Amino acid sequence: MKLSARIAAPAAALVLAGLTATACAPGTSDTGAEGDEKKGTLRVWLFQEVGNKPKEKVVDAAVADFEKAHEGAEVEVEYIPVDTRAQRIKAAFNDPKSAPDLIEYGNTDTAGYVKDGGLADVSKEFSAWGEAKDTDPTAKQSVTVGGQVYGAPFFVGVRALYYRTDVFDELGIEPPKTQDELISTARKIHKKKPDLYGLAVGGAYTYGAMPFIWARGGELAEETGVTYRSAINSGKAREGIEAYTSLFGDDNCPAAKCAAMGGNATVTAFASGKAAMAIGGDFSHAAVEAGAVKGKYAVVPLPGVEKDSIAPAFAGGNNIGVLKSSSHRTLAVDLMKSLAGKKTQAKMFDAMGFLPTYTDVLDTAAEKEPFVGPFVESLGAGAKFVPASPAWGQIDASLVLPTMFQEIVSGRKDVDAASDDAAKKMDAAFAEAG
């Protein structure tokens, strides 16, 4: 195996934010490959994580197994920065000669990459793959566009509610069972302990806000048959927006400090001991363990509207896809199966804490590491995904939803006006994407 790891400035793993960093790029040309070579070098681009060595070891083992089973095939792995992936990957779509055979990509990028013509349709191979039958339905949705499959899920990330057990014990309170209780509990804690945010929230934390919208029956957008239409200004969505933005204020998390915070900042506030609660991912566990609250916290699923219900969580994560331009189609698909297969995902969980996308492997991980339990429970309760439209990348990169939240918490606009403006921007993006 040839390994080329280009170490970049530290960048958080894609799943930490669940965000895309889509850049504008010219339309791609026809990059369909000619032939299907059964020998030669396959090039792979994977994301450079913070603390990448454990990931490299797992990948090395999967590649070694692949090379042993495929005589005459070699694999060259390059680790690319998450921050600049959009430019590099879209450039590769336009230049087959310099393009890799496989890429790791964020699951919110799927529809855009399919529209660009960069990813190969692997529906037949995926359906015939024995392990694929155990793929979590939400994870499979993240590689599916228009009923066709464009890769294999690599790992999934969901969020739940982290809370300070020492603070809750001191105040004699229990973890909230509903979102109304969550809001009242946050305010109660901040009143008793003004130096703490009751619940750390962020105006730029889109994926922490979505469960409040989804729990009330709201949606980001609705399919119209040929495209999507924004639903962020519907009555139910507005109820969720109102609930989330009510957490910004002097009685919990002051807008002046919290309006600009994203997901990482809210988790950092919790880990450093500045918040009694935070909405964080399974992937936040290591950061919390390394913080001031180690040994003084627990995690439960984020509650829904009804008592003891679980709010739908955003299913973030990454996938592995074969490029349409690959001249090693069969080998590339086999390598995709090796990198995203059960054996590799189980090892990747042990090495990096990434949640497996297979239900049976996920259950085993939960048995091995109890901290995974609330996240597995959240995933099983019905996690949701973003609209499978190439427009989502633009909507995300343009900060449409964070702008909406920040306009509301700053008092510049009310919920109705801000959500109407956001809906207009979303609809313009959907229309442009077709």
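Biologist: Which helices do the buried residues of α10 pack against?
Modeller: The buried residues of α10 pack against α8 (179-192), α9 (206-215), α19 (400-409) and α20 (415-433). Keep in mind that this is a predicted model, where local features need pLDDT of at least 70, side-chain atom pairs count only at pLDDT 80 or more, and totals for chains, interfaces and linings use all residues. Residues are numbered from 1 along each chain as its sequence is written, and side-chain values use heavy atoms, with hydrogens and water left out.

Biologist: Which residues of α10 are buried?
Modeller: In α10, residues 235-245, they are Ala237, Arg238, Gly240, Ile241, Ala243, Tyr244 and Thr245. Buried means under 20% relative accessible area, exposed means over 50%, and partly exposed is in between, using a 1.4 Å probe and protein chains only. Contact means heavy atoms within 4.5 Å. Helices (H or I, at least four residues) and strands (E, at least two) are DSSP runs, numbered from the N terminus.

Biologist: And α19, why is it called largely enclosed?
Modeller: Because eight of the 10 residues of α19 are buried, it is largely enclosed by the rest of the structure. The buried ones are Val400, Leu401, Pro402, Met404, Phe405, Glu407, Ile408 and Val409. They pack against α9, α10, α11 (255-258), α18 (391-397) and α20.

Biologist: What about the ends of α19?
Modeller: Leucine 399 lies in the loop between α18 and α19. Its phi is near 60 degrees, a positive value in a residue other than glycine. Leucine 399 counts as partly exposed, at 47% relative accessibility. α19 is followed by glycine 411, which has a positive phi near 85 degrees.

Biologist: Switching to strands: how much of β13 is buried?
Modeller: Strand β13, residues 316-322, is mostly covered, with seven of its seven residues buried. In a regular strand the side chains alternate between the two faces of the sheet. Both faces of β13 are covered: Gly316, Asn318, Ile320 and Val322 are buried on one side, and Gly317, Asn319 and Gly321 on the other.

Biologist: Which way does β4 run against β13, parallel or antiparallel?
Modeller: Antiparallel: five bridges join β4 (residues 102-106) to β13. Two strands pair if DSSP finds at least two bridges between them. Isoleucine 103 has glycine 321 as its bridge partner in β13. Strand β7 (residues 152-157) also pairs with β13 in the antiparallel sense, over five bridges. There, proline 153 has asparagine 319 as its bridge partner.

Biologist: Where does aspartate 308 lie?
Modeller: Aspartate 308 is in the loop between β12 (297-300) and β13. Its phi is near 65 degrees, a positive value in a residue other than glycine. At 55% relative accessibility, aspartate 308 counts as exposed.

Biologist: New topic. How many disulfides does the count come to?
Modeller: One. A disulfide here is a pair of cysteine sulfur atoms within 2.5 Å. Cysteine 253 and cysteine 258 form it, with their sulfur atoms 1.9 Å apart. The link is left-handed, with -85 degrees about the S-S bond.

Biologist: Are those cysteines buried or exposed?
Modeller: Cysteine 253 is buried at 0% relative accessibility, and cysteine 258 is buried, with a relative accessible area of 0%.

Biologist: Okay, and what does leucine 331 touch?
Modeller: Not counting residues up to four places away in sequence, leucine 331 touches Glu37, Lys38, Lys39, Leu42, Phe66, His70 and Ala73. Leucine 331 lies in helix α14, residues 329-340, and counts as buried at 3% relative accessibility.

Biologist: And where is asparagine 52 found?
Modeller: Asparagine 52 is in the loop between β2 (40-47) and α2 (53-69). At 5% relative accessibility, asparagine 52 counts as buried. Leaving aside neighbours within four places in sequence, asparagine 52 is in contact with Phe47 and Tyr79.
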